Amino acid sequence: MTSTDQTAPLLEVRNLSKHFGAVRALSDFSMAVRPGEVVALAGDNGAGKTTLIKAISGVFQPTGGEILLRGQPVAFATPQEAREKGIETIYQDLALADNLSIGANIFLGREPMRKAFGFLPVLDRKAMAEAARETMKRLDFHVSRLEAPVSNFSGGQRQAVAIGRAVYWDAQILIMDEPTAALGVPEQRKVISLIHQLKAQGRGVIFISHNLQDIFAVSDRIVVLRRGVQAGERRISETNHDEVVKLMVGG
Amino acid sequence: MTSTSPAQPAEKHVAPQADHGDPARSLIARIADGRAWLFLAGLIICFEIWSRLAFGATFVLNPFNLQSIAIFAVAPLLLATGQTFVIISGGIDLSLGFIMGLAAVVAAHATNMAGAAIPLPLAMLAGILASVIVAGVPGIINGLLISRLKVPPFIGTLGMFGVARGAAFLLAGGTTVPMQNSWFALLGNGKFYGVPYLVIITAIFVIVMHYLLSQTRFGQHNYAIGANVQAARRAGIDIRGHILRLYVLSAMCAGLGGALYAARFTAGAAQAGEPLLLDSVAAVVIGGASLFGGSGTIFGTVAGALVIAVIQYGLVFVNVEPFWQFIAVGVVIIISVLIDQAQRRFSGGRQDD
């Protein structure tokens, strides 16, 4: 697995800082994500994980430091801009419109249209359903009822739809905020196996979790944040639960 | 690109069962979705039997009855069409009744004024246009209040309810405004092969609105916003612009309702839509929409409006005291919501948590 170290990073964060008035939510933070790599972000509540991902995904403008995408410095004014550049954030909830189908969720905000009777623009539901089937197949999910609203699906399956949307729009970096938090154990396994798929497709994943078991199951590296600074970075193969916990609480 | 880490074959897992599709459940869902049409069929059968037993006459096969029911349904249906969009988005528009009254008064005044200068058919069109445009103004204010100033729809449109009411009565001088335009009167009372023009206009309008709701991005975004406004925002939908357009649309539906009211009675009255507001909400709810937002259809609302019209007309037809109408409509609303709740429990929908 050492081969990933030589690959040019997909996303690099250098000396990133974010201050809210006198509060230093994040200072001088650096990390990198390479293609096909899963980097776990761990830290206690208030350690600055959320601030970091919001700065990367364009929700906040960082106070200092830079973000490089494939070696090019980038600055995002809005989350839309980040998304257009291939950085997609998947939140543990609040991601899907429950009453719409998988296809409609994948295309929400950018629905394909076709002409009915040669002149009347209508939603191209067939194209949406087809794209949904294709995408879910790539994630090894086989869906028979493509017209059913996503409220009919389980938590893990809905998480898969959210991931599927990112995959369909060809996101290269996926930031996943607690993707397993609200799920039962079998469902957590499914999401973990989805992350393995993303990795196999050469995408970069930033994985935020409180659950060390999940982190050790899926990540290549772990970056620990404590009070806005980087408390340590370890390869998963060279560390263990105790060391990570120590880094998190500052023992 | 050098080699990336080899695909770790995720431990062999069975393809997850993607949906708990259960035919019994989907049958219940289908019945629940079409409940308004079932109500309608049930009511018509009841009245038919009642009418045959009591008077030995048919209820539903009498073209006069059908015309009357259709005419009864037109005005509440126009309000309910706009209301359907608003309720699906998770809002409510309480100002529609008096926007309709305002539009009716404007239609009468504008037609009279235009009639003095230009030919009558053109004056009629000017009157309709004026009423729809003027109705858009309170719609814009509603939309701005709700989208920019974050006023809850219930309160914002309740305020506009008062404003539109006052404006309509002031404009009408406190009375009914008679309208002198034979074309407009013909539009309101004429028939084409036995079908009133009002019904034809409303039918075309409803089909256009059905298209807008079910086949366009605007409609799709409306459903998404009603279900999960955060998700819609994250998907890049312009929520504020959408809400603004939404309330203008519903106000303009009420504006058309006002113009057709003026056509039917050849007069504009500020209180034209007063009793229709709650009927419009009732039609939407009977038609299968949830007041929590995210569900509902235009054709469901059509059925809901017809249910109310059949109850109102049918009870008069079989000679029951008119006050029973209110009780009957109320009972239908409650049954309809109960069916909706039951269906949600079966489908495990998360709407109510």
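Predicted model: local features only at pLDDT ≥ 70, side-chain atom pairs only at ≥ 80, totals over all residues.
**Entry 1: the domains of chain A**

I started with how chain A is divided. Domain 1 takes in residues 3–86 + 172–249, and domain 2 covers 97–162. I then looked up how far apart the two lie, and their C-alpha centres are 29 Å apart. For the contact between them, I found 8 residues of domain 1 of chain A touching 7 residues of domain 2 of chain A. On the domain 1 side, I noted 5 nonpolar, 1 polar and 2 charged residues.

**Entry 2: the mixed sheet of chain A**

Next I followed the strands of a sheet in chain A. Which order do the 6 strands take? Reading across, I get β6-β9-β10-β3-β11-β12, an open sheet with mixed pairing. At the edges I found β6 (87–90) and β12 (229–235) of chain A, each of which pairs on one side only. Between neighbouring strands the average turn is 20 degrees, with direction ignored.

I took a look at one pairing within this sheet. Strand β3 (residues 38–43) of chain A runs parallel to strand β11 (residues 221–226) of chain A, and 5 bridges join them. To find my place here, I used Leu41(A), which has Val223(A) of β11(A) opposite.

Then I checked which helices pack on the sheet. Helix α7 (residues 185–200) of chain A is one of them, and touches β3, β9 (173–177) and β10 (204–208) of chain A. The direction of α7 makes about 150 degrees with that of β10(A). Helix α9 (residues 241–249) of chain A also packs on the sheet, touching β3, β11 and β12 of chain A. For α9, the angle with the direction of β11(A) is about 25 degrees.

**Entry 3: the antiparallel sheet of chain A**

I moved on to another open sheet in chain A, made of 4 strands in the order β2-β1-β4-β5. Its pairing is antiparallel. Here the edge strands are β2 and β5 (72–74) of chain A, each pairing on one side only.

How many bridges join β1 of chain A to β2 of chain A? I found 7, between strand β1 (residues 11–20) and strand β2 (residues 23–33), and the two run antiparallel. I wrote down two of the facing pairs as landmarks. Val13(A) stands opposite Met31(A) in β2(A), while Lys18(A) has Leu26(A) of β2(A) as its bridge partner. The hairpin of β1(A) and β2(A) leaves 2 residues between the strands, and Gly21(A) there takes a positive phi near 60 degrees.

I also looked for a helix here. Helix α2 (residues 49–56) of chain A lies across β1, β2 and β4 (64–69) of chain A, at about 65 degrees to β2(A).

**Entry 4: another hairpin in chain A**

I then turned to strand β7 (residues 113–116) of chain A and strand β8 (residues 120–123) of chain A, which run antiparallel and are joined by 4 bridges. Arg114(A) stands opposite Val122(A) in β8(A). The hairpin of β7(A) and β8(A) has 3 residues between the strands, and in the turn I found Phe117(A) with a positive phi of about 55 degrees.

**Entry 5: α3 and α12 of chain B**

The crossing of α3(B) past α12(B) is right-handed. Who makes the contact? I listed residues including Ala75(B), Leu79(B) and Ile87(B) of α3(B), and Leu277(B), Asp279(B) and Val281(B) of α12(B). By class, the contact residues of α3(B) and α12(B) are 11 nonpolar, 3 polar and 1 charged.

**Entry 6: α5 and α6 of chain B**

My last stop was helix α5 (residues 120–147) of chain B and helix α6 (residues 153–172) of chain B, whose axes come within 9 Å and cross at roughly 150 degrees. α5(B) and α6(B) are therefore roughly antiparallel, since an angle over 145 degrees counts as such. I noted a right-handed crossing of α5(B) past α6(B). Among the contact residues are Pro138(B), Ile141(B) and Leu145(B) of α5(B), with Gly156(B), Met160(B) and Val163(B) of α6(B). The contact of α5(B) with α6(B) divides into 8 nonpolar, 3 polar and no charged residues.

Definitions and conventions
Residues numbered from 1 in each chain as written. Chains lettered and ligands numbered in written order. Left-handed = near helix turned anticlockwise from the far one by under 90°. Contact = placed C-beta atoms within 7 Å. Nonpolar A, V, L, I, M, F, W, Y, C, P; charged D, E, K, R; others polar. Pairing = 2+ DSSP bridges. Axes fitted to C-alpha atoms, helices over the stretch in contact; angles between N-to-C directions. Domains from an automatic or database assignment. Parallel < 35°, antiparallel > 145°, perpendicular 65-115°, else oblique.
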